[in-house]
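Here's a quick walk through one model, from the overall fold down to a single side chain. Have a look at the structure first, then read on.

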Amino acid sequence: MSESRRFSEDALAMLVAGTVLSVSMLVTVLESHGVFSSTAATGGGPSWRNPMKSIIVLPTAWEVHPFESGVS
């Protein structure tokens, strides 16, 4: 019997993780060079926006620091 050359689960997980890491690093580098900058105002092409911006709300400023709130 011949063994088929298949990826083990560990090798497949490493491949997926490497791909995700590579794509995220590529997007970060491209963003730092202004590839995804907004050009709609100048009419130079599509405008990229964060699709999660309307869902994720930034926290407001603290009135009392959390570490100081328990101290009397």
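## Overall picture

On the secondary-structure side, the protein has 2 helices and 0 strands. Keep in mind that this is a predicted model.

How much of the protein is buried? Buried residues account for 0% of its 72 residues, where buried means under 20% relative accessible area.

## Helix 1

Helix 1 covers residues 9-32. With 24 residues, helix 1 runs 35 Å from its first C-alpha to its last, close to the 34 Å expected at 1.5 Å a residue. After helix 1 comes G34, which has a positive phi, near 80°.

UniProt, in an unreviewed entry, lists residues 12-30 as "transmembrane region". In the model, that span is 100% helix and 0% strand, and its end C-alpha atoms sit 27 Å apart.

## A nonpolar patch

Which residues make the nonpolar surface patch? The patch is built from F7, L12, L15, V16 and V20, and it amounts to about 500 Å².

Take L12, one of these patch residues, which is located in helix 1. L12 has a relative accessible area of 45%, so it counts as partly exposed.

Definitions and conventions. Residues are numbered from 1 along each chain as its sequence is written. This is a predicted model: local features need pLDDT of at least 70, side-chain atom pairs count only at pLDDT 80 or more; totals for chains, interfaces and linings use all residues. Side-chain values use heavy atoms; hydrogens and water are left out. Patches are made of residues with over 30% relative accessible area and no salt bridge: like charges are joined within 9 Å, nonpolar side chains (Val, Leu, Ile, Met, Phe, Trp, Tyr) within 5 Å. Accessible areas come from the Shrake-Rupley method with a 1.4 Å probe; for residues, only the protein chains shown count as cover. A salt bridge is a side-chain nitrogen of Lys or Arg within 4 Å of a carboxyl oxygen of Asp or Glu. Helices (H or I, at least four residues) and strands (E, at least two) are DSSP runs, numbered from the N terminus. Buried means under 20% relative accessible area, exposed over 50%, partly exposed in between (1.4 Å probe, protein chains only). UniProt positions are given in the numbering used here, feature names are shortened, and annotations may be inferred rather than shown by experiment. The expected span of a helix is 1.5 Å times one less than its number of residues.
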